Amino acid sequence: MKIDNDAGDRRFAALPTRPGKIIAVHLSYASRAAQRGRRPAHPSYFLKPSSSVAATSGVIERPDGTELLAFEGEIALIVGSPARRVPIESAWQHVVAVTAGNDFGLYDLRANDKGSNARSKGGDGFTPLGPNLIDARAVDPAALRVRTWVNGVVAQEDSSSEMIFSLPQIISDLSQHFTLEPGDVILTGTPAGSSVVVPGDVVEVEVDAPQAAGAPSSGRLVTTVARGTHEFDATLGSLPSVDDTQRAEAWGSRSAAGLPAATKSGLSDELRDKLSRIPVAALSQQLRKRGLDNVSIGGVRPVRPGIKLIGTARTLRFVPNREDLFSAHGGGYNAQKRVFDTVAPGEVIVIEARGETESGTLGDILALRAQVRGAAGVVTDGGIRDYDAVAEIGIAVFTAGPHPAVLGRRHVPWDADLTISCGGATVQPGDIIVGDGDGVLVLPPSIAEEVVDDALEQEVQDGWIAEQVAAGHPVDGLFPPDAEWKARYRKWRKNQ
């Protein structure tokens, strides 16, 4: 199918005109949802600038200082007539053509633009389209195929029949929010297989309709990856940054990214129940017997008296404030906000604030966000703002004390999910964190079961000793028990 192009620009040679807007679907294929471990109930979208459109056979630059440029082969729809609040049944009639698209993304820039993808997917050349248009009237929207090759090897292959949301549904849904206009492009999401490409790689995408008459095809959309020479300026905005979560997302899996498999939490429901019955002091005693004296997070107290904290550690590190660094790392969607936005149910956010109490490290909004996410609590060896409001929220928060100043007075939120120091104790992601009125300690998962069982037994013994003291026995020889009292206890325990 050929449509006269009046855009006068080689980038738009495959299109009827320069798109007024490019709308992209976040997650739409069942295979991709299974790979990501989450299946959306409804479609969600983001916008790409028309300046990101690239020629049908061209080069994309991976900016200097970045590593995670990922391809996404997609079915691209071109709107042919205005669509506003159109029903699903007639939605396809507003599509004039179908072609291949590659929704490139730079995961190094996702952190501060989460959801919008403005920078990570809006770069020049990040939306190749073409080379040929398929007449939408000649194909079934549920029988389109998309394939992607990297250096000649198939990386993606899937059908629109396997989409969570049908193409007509996507068009109809979008049209209830704003008018789809002639020339607009809809990128309909990518199947499983999207991954990272490096300079020198060649990516090809093709969309076709193998079951339609003549098996129409878009032809292969070819893009070569090149190394960029321009760096980002830290004085203008946040710099690229990556962590293992972004690497796993960009490559498609932890194994593909060369990362070790994620370790399972050492906190089962059974272990959590046992911990709920043991005071921190008893656990501390058992850890000391094993030579672990440096597992207490010092200087922190619960904001809400009487609350118990049990969970696995999610770590966050602040560094001392430096104005030039705060401008790059402190604003926008920084490490602090990312952790509070992604904390998992049962996790404890543990913050390294270097014992600095002259500013807040969180306030009521972030405490509420952690509670809504199902977090077990927050531990910070720094101060917190909105002290009374945080206490009212009810989530378990342990802090060095209140302070009215904002984070930036003393700290820069720097990174997360790494080994940190909090209150003089080393904390690793996945460590078990337990807190009560006596304080907070770090329980290594590898010995948690034996420590907890021994602590429970010690609690039984301590309860029996308390009964003896209440009955009038002196503590000398009884607490701690000597050989005679130990024998009495064993005899009593045997009969229980």
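# Briefing: a tour of the chain

Thr380 sits in strand E21, which covers residues 377-380. Keep in mind that this is a predicted model.

**Thr380 and its surroundings**

- Thr380 is buried, and its relative accessible area comes out at 0%.
- If you skip the neighbours within four places in sequence, the contacts of Thr380 are Val300, Ile351, Ala353, Thr361, Leu362, Phe398, Thr399, Ala400 and Cys422.
- For a sense of distance, take Gln286: Thr380 and Gln286 are 94 residues apart in sequence, and their C-alpha atoms are 24 Å apart in space.

**The chain as a whole**

- The chain has 496 residues, and 49% of them count as buried.
- You'll find 12 helices and 29 strands in the chain.

**Asn102, another buried residue**

- Asn102 belongs to strand E7.
- Asn102 is buried, with a relative accessible area of 0%.
- Leaving out residues up to four places away in sequence, Asn102 touches Phe71, Glu72, Gly73, Phe126, Thr127, Pro128, Val203, Val205 and Leu221.

**Helix H3 and what covers it**

- Helix H3 runs over residues 167-175 and is mostly covered, with eight of its nine residues buried.
- The buried residues in H3 are Leu167, Pro168, Ile170, Ile171, Ser172, Asp173, Leu174 and Ser175.
- Strands and a helix both take part in the cover over the buried residues of H3, which includes strands E1 (22-25), E2 (45-48), E6 (73-79), E7 (95-102) and E13 (185-187), along with helix H2 (88-91).

**Helices H11 and H12**

- Helix H11 (residues 448-470) and helix H12 (residues 483-494) have axes that come within 11 Å and cross at roughly 110°.
- H11 and H12 are therefore roughly perpendicular to each other.
- On the H11 side, Glu457, Val460, Gln461, Trp464 and Gln468 meet Trp485, Arg488, Tyr489, Trp492 and Arg493 of H12.
- By class, the contact of H11 with H12 is made of five nonpolar, two polar and three charged residues.

**Helices H8 and H9**

- The axes of helix H8 (residues 335-342) and helix H9 (residues 364-372) come within 7 Å, crossing at roughly 35°.
- Gln336, Phe340 and Asp341 from H8 meet Leu366, Arg369 and Ala370 from H9.
- The contact of H8 with H9 has three nonpolar, one polar and two charged residues.

**The second largest pocket**

- The second largest pocket holds about 330 Å³ of space.
- Its lining is made up of 19 residues, and Pro63, Leu106, Leu109, His230 and Phe232 are the ones nearest the centre of the pocket.
- Sorted by class, the lining of the second largest pocket has eight nonpolar, six polar and five charged residues.

Technical notes:
Residues numbered from 1 in each chain as written. Predicted model: local features only at pLDDT ≥ 70, side-chain atom pairs only at ≥ 80, totals over all residues. Heavy atoms only, no water. Axes fitted to C-alpha atoms, helices over the stretch in contact; angles between N-to-C directions. Helix = DSSP H or I, 4+ residues; strand = E, 2+ residues; numbered from the N terminus. Parallel < 35°, antiparallel > 145°, perpendicular 65-115°, else oblique. Contact = heavy atoms within 4.5 Å. Nonpolar A, V, L, I, M, F, W, Y, C, P; charged D, E, K, R; others polar. Buried < 20%, exposed > 50% of the residue type's maximum accessible area, 1.4 Å probe, protein only. 1 Å grid on protein atoms, 1.4 Å probe; cavity = no way out; pocket = protein on both sides within 12 Å on 5 of 7 lines; lining within 4 Å. Points joined across faces, edges and corners; volume = space filled by probe spheres on them.
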